[in-house]
Amino acid sequence: MPLERVDSVRRRCRAEALARGANPRDVDVLMADLAGKSVAYVVAHGELEIDPAPLQALLERRHAGEPLQYIRRRADFYGREFYVDDRVLIPRPETELLVETAVKLAPDRAQVIDIGSGSGAIAVSVKLERPDLDVTAADASMAALAVTALNCRRLGAAIGLAASDLLSAIDGRFDLILSNPPYIPAREVEELQVEVREHEPHMALTPGEQGTEILERILLQAPARLSPGGRVILEIGFGQEERVRAIAASHVFTVDDIIADLAGIPRTVVLSKHG
Ligand SMILES: C[S@@+](CC[C@H](N)C(=O)[O-])C[C@H]1O[C@@H](n2cnc3c(N)ncnc32)[C@H](O)[C@@H]1O
């Protein structure tokens, strides 16, 4: 393909993105990635010439609904860049609240497990923020666990890895049991954006009809696996607060705190055993 000026490629692709309901900034980000430069550099150097074909190929994927993070193979979380692909959920900003809460509440040199580690966003961030902690990351998906392992290596987090259905294949007791479990009711998956419903792993999204099935199983297994004074910290979905309080009460747990995210949605639940 003939070379074309950056400013004219950018103008054309941004207009097309807008017309197709996409964010024109995705054009700038992908152009910058291909050039190996910052967005600011690309915007300031409209006079340079590029072959537009590689950019157009990436934009076709984006317009077909593939999330930008999968195309770029990276997502920002808690101030770090994680490798992501379609084996794992793209870490969400609201999950940073769970990390912040765990970092604050973990006793010195505590034993911590993250159930459903996916990209490793929670387990890796907690370990890097609190190197004194002994952190294990567990996932039932071997494919997801491979991504957790990759991010441990890339970001230099020394944590244990375990393939396990929740805690069933894991020994020992924990001071903190963390999880951002799949929590979307199955019938709602079809209503999600195409980026989510057709690209993110189904088992990372929904545990079944209620949305709280995995959370309930965690609370069923946790009492026998918590050290004295130990706590469970879970992320919950929109509108699940009352249901989670009821499940907690029937599984010997006290809800110590429910923290709202920046949108005011109750999001992070801290629980401890009665008595
Ligand atoms: C919502 S994603 C969370 C990923 C990551 N922790 C985060 O916050 O970005 C849920 C994760 O739980 C895992 N998962 C689903 N069912 C599981 C089970 N029964 N046991 C262990 N992990 C499970 C999925 O593979 C997925 O990686």
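**Counting rules for the views.** Ala, Val, Leu, Ile, Met, Phe, Trp, Tyr, Cys and Pro count as nonpolar, Asp, Glu, Lys and Arg as charged, and the others, Gly among them, as polar. Everything below comes from a predicted model, where local features need pLDDT of at least 70, side-chain atom pairs count only at pLDDT 80 or more, and totals for chains, interfaces and linings use all residues. Residue numbers start from 1 along each chain as its sequence is written.

**View 1. The shell around the ligand holds 24 residues.** A residue gets in if its C-beta atom, placed from the backbone, lies within 6 Å of the molecule. Gly116, Gly118, Ala140, Asn180 and Ala204 come nearest to the ligand. Sorted by class, the shell has 15 nonpolar, seven polar and two charged residues. Helix H7 (121–129), strand E6 (134–139) and helix H10 (202–205) each bring at least two residues to it. The helices (H or I, at least four residues) and strands (E, at least two) are DSSP runs, numbered from the N terminus.

**View 2. Helix H1 (residues 6–19) packs against helix H2 (residues 25–35).** The angle between H1 and H2 is about 135°, and their axes sit 8 Å apart. Axes are lines fitted to C-alpha atoms, for helices over the stretch in contact, and angles run from 0 to 180 degrees between N-to-C directions. H1 and H2 are therefore oblique to each other (angles under 35 degrees count as roughly parallel, over 145 as roughly antiparallel, 65 to 115 as roughly perpendicular and the rest as oblique). On the H1 side, the contact is made by Arg10, Cys13, Arg14 and Ala17, and on the H2 side by Asp26, Val27 and Met31. Contact here puts C-beta atoms, placed from the backbone, within 7 Å. That set of residues splits into four nonpolar, no polar and three charged.

**View 3. Seven strands make an open sheet with mixed pairing.** Reading across, the order is E7-E6-E5-E8-E9-E11-E10. Strands pair if DSSP finds at least two bridges between them. Strand E7 (160–163) and strand E10 (253–260) are the edges, each pairing on one side only. On average, neighbouring strands are turned by 20° against each other, direction ignored.

**View 4. The E10 and E11 hairpin has five residues between its strands.** Gly264 in the turn has a positive phi of about 85°. Seven bridges link E10 and E11 in the antiparallel sense, and Asp257 stands opposite Val270 in E11. E9 also pairs with E11 in the antiparallel sense, over five bridges, with Leu234 opposite Val269.

**View 5. Two helices lie across strands of the sheet.** Helix H12 (residues 241–250) lies across E10 and strand E11 (266–273), at about 160° to E10.
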